[in-house]
Amino acid sequence: MRYGFGYFEEDKLGQVADIGLWRRIIAYSRPHWGKVSGAVILSMIVIGSSLALPYMIRLGIDHYVVNTALESSARINGLGWLASLFVAVVIAGFAANFYQVFILEWTGQTIMHQMRQQLFDHMLGLDLAFFNENPSGKLVTRLTNDIQNMHEMFTSVIVTLFNDFFQLAGIMAILFWMNWRLALILSFLLPVIIVGVSWFSRLARETFRDIRTRLARINAFLQESLSGIAVIQLFLREKDTHAKFVELSREYLDKNLFQIRIFGIFMPSMELFNALAVGCIIWYGGGEVIRKNLSLGELVAFISYIRLFFQPVRELSQKYSIVQSAMASAERIFQLLDMRSSLFSPEKNEKQADFRGEVVFQNVQFSYKEGQPVLHNLSFRIPPGGTLAIVGATGSGKSTIVNLLERFYDPASGAIRIDGRDIRSCNINQLRRQIGLVMQDIFIVPGSIRDNILLDLVMDDTRLHNIIEQAQLSGMIGRLPDGLKTMIGEGNMDLSAGQKQLLAFARVLARNPRILILDEATSSVDSETEMLIDRAIETTLANRTSIVIAHRLSTIKRADHILVMEQGAIAEEGSHDELMARGGIYRRLQDLQVNGQERNEGE
Ligand SMILES: Nc1ncnc2c1ncn2[C@@H]1O[C@H](COP(=O)(O)OP(=O)(O)OP(=O)(O)O)[C@@H](O)[C@H]1O
Ligand SMILES: [Mg+2]
């Protein structure tokens with residue numbers, strides 16, 4: 001496989017300790033380092049305030065509540081001051097927390113915005129071979145889910161992880177400083193907690209991954225079904241499709257319920273540990289108070305610190321999974337960003353002259369998939385201004401010739417030259433600007449008819465009307481109440497196949513390219529539209545080098561030279577009269593067509 005991208009599944013977990021990956025992730029936050037360090041400082045204030053509160057309670061109890069050495073009024077007064085300070089510290093912590101969250105969210109969103117843009121911009125430049133190998137559903141996931149995962153990591157993990165560690169370390173330090181024996185008891189509980197937490201986080205991680213794969217499956221299935229809805233309805237597949245969806249949705253539901261159960265067990269069991277720790281402290285610590293080794297204030301503070309201790313423990317276990325899935329997302333995103341188009345395109349050359357329009361294919365070989373050649377040693381030449389018609393059975397490689405000339409792909413060997421210059425040495429955009437293409441299926445952008453003809457061109461009305469006239473569109477547009485302003489595409493009026501063809505001719509005429517490729521649609525149109533298309537073809541082909549992949553005799557006859565393709569090679573070539581005289585494949589094809597027409601007319 002050329003890209004090695006397909007093996008990436010949604011269920012892959014990232015390496016948390018991948019230094020190279022971290023470096024790239026951090027590079028994105030570098031422009032915001034001022035804000036990030038601000039957030040770190042704010043987080044110090046948040047931690048400081050939350051650690052100060054139990055200590056203030058201790059001071060209040062020991063110095064004022066139980067301190068009989070002081071006068072009552074002084075004790076009450078002191079408590080008043082301490083309570084005010086307490087409130088002030090809470091408010092400071094709250095404010096710091098608010099700004100910290102705000103800064104982090106802002107930074108995270110900004111970074112994601114930038115990444116999303118970079119990723120999309122990058123994807124727009126990749127070649128068609130890449131898109132053939134990567135279904136669009138997967139790429140949409142890259143731009144949505146994966147970016148979202150990274151966002152979560154930036155905001156809820158990077159700095160808060162730091163918070164959690166500092167809070168844990170701070171609490172341990174204070175506890176040992178206040179009473180090391182009591183702190184030691186707590187330390188015995190620690191291994192049990194660590195084992196419990198790591199068991200839980202592994203289970204949670206696996207479930208989380210299962211949920212994600214199930215969701216990805218649902219998304220892929222939905223996309224398939226919705227884009228193929230006409231086929232589903234036409235072949236009465238609604239019941240089966242629904243049953244399949246129910247199955248997928250049921251799996252997703254089951255996994256989600258499982259996750260809820262795990263969390264349902266984990267959260268209360270953390271509470272249980274917490275209560276156990278508090279129980280130990282009351283039993284042993286209470287004794288210490290009675291033995292006068294510990295003050296009452298210290299005991300109360302201890303209990304508060306234990307409460308604080310369990311909060312980061314709970315969060316750490318969840319954050320580890322966030323980091324893991326974010327690392328996997330980061331890996332996928334960077335892999336996509338590192339993907340280079342296999343088509344080399346030289347820098348834009350300002351001085352590139354307009355083509356005269358000589359097109360040469362020289363021993364061109366090509367395959368979409370290795371081992372399945374589509375074009376074999378194909379050679380032909382079209383002089384400037386000449387018209388070449390290509391005919392042949394379906395799948396014989398006609399559209400492939402177009403794809404190569406437009407440089408959607410490069411040939412495996414051989415060369416394609418325009419005016420003697422290998423097209424691989426031309427800037428792709430400059431090349432495509434000079435090669436107009438009317439494709440088999442015409443893409444309509446949601447917008448007015450005018451927008452659809454001009455796309456991004458600017459043009460005065462007289463020229464535009466001229467072009468509409470030449471493309472034989474004036475009759476149709478004249479019949480519409482809103483004329484050129486009529487909205488078409490997505491949810492608006494739909495054009496018929498014939499009208500779309502005419503619109504495509506108008507598009508090409510507006511661009512006036514030196515070289516024109518016409519991949520004629522096989523669908524038959526009524527005889528009036530047929531006549532309009534015929535005239536549009538005539539005006540569009542005039543004065544340019546043209547390649548027409550033709551099905552209708554009238555178009556074929558107009559060509560100077562005809563190639564008859566068979567399984568990726570030229571079977572016959574010559575003018576219409578020469579080929580008819582030869583009595584080969586071409587003759588047979590034409591006879592069939594003429595017979596078919598006569599039969600149709602006879603009916
Ligand atoms: N994107 C692709 N990936 C793999 N194989 C492809 C791709 N596009 C076309 N092919 C294969 O290449 C061969 C030639 O296809 P091509 O589209 O050039 O035929 P065609 O002559 O234009 O047929 P039609 O008259 O039906 O338009 C076919 O066998 C087709 O299956
Ligand atoms: Mg084709």
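Predicted model: local features only at pLDDT ≥ 70, side-chain atom pairs only at ≥ 80, totals over all residues.
A polar contact here is a pair of N or O atoms within 3.5 Å; within protein, one must be able to donate a hydrogen and the other to accept it, and residues adjacent in sequence count only if both atoms are side-chain atoms. Residues are numbered from 1 along each chain as its sequence is written, ligands are numbered from 1 in the order in which they are written, and side-chain values use heavy atoms, leaving out hydrogens and water.

**Around ligand 1**

| Residue | Atom in the residue | Distance |
|---|---|---|
| G395 | backbone N or O | 2.8 Å |
| G397 | polar backbone atom | 3.0 Å |
| T400 | side-chain N or O | 2.4 Å |

The protein covers 64% of the 630 Å² of accessible area that ligand 1 has on its own (Shrake-Rupley method, 1.4 Å probe). Ligand 1 has 14 residues around it, and T394, G395, K398, S399 and T400 come nearest (a residue is near if one of its heavy atoms lies within 4 Å). Which helix gives the most to this shell? That's α10 (residues 398-405), with three residues; helices are DSSP runs of H or I, at least four residues, and strands are runs of E, at least two.

**The sheet**

Six strands make an open sheet with mixed pairing, in the order β6-β9-β10-β3-β11-β12. Two strands pair if DSSP finds at least two bridges between them. At the edges sit β6 (435-438) and β12 (569-574), each pairing on one side only. Strand β11 (residues 561-566) runs antiparallel to β12, and five bridges join them.
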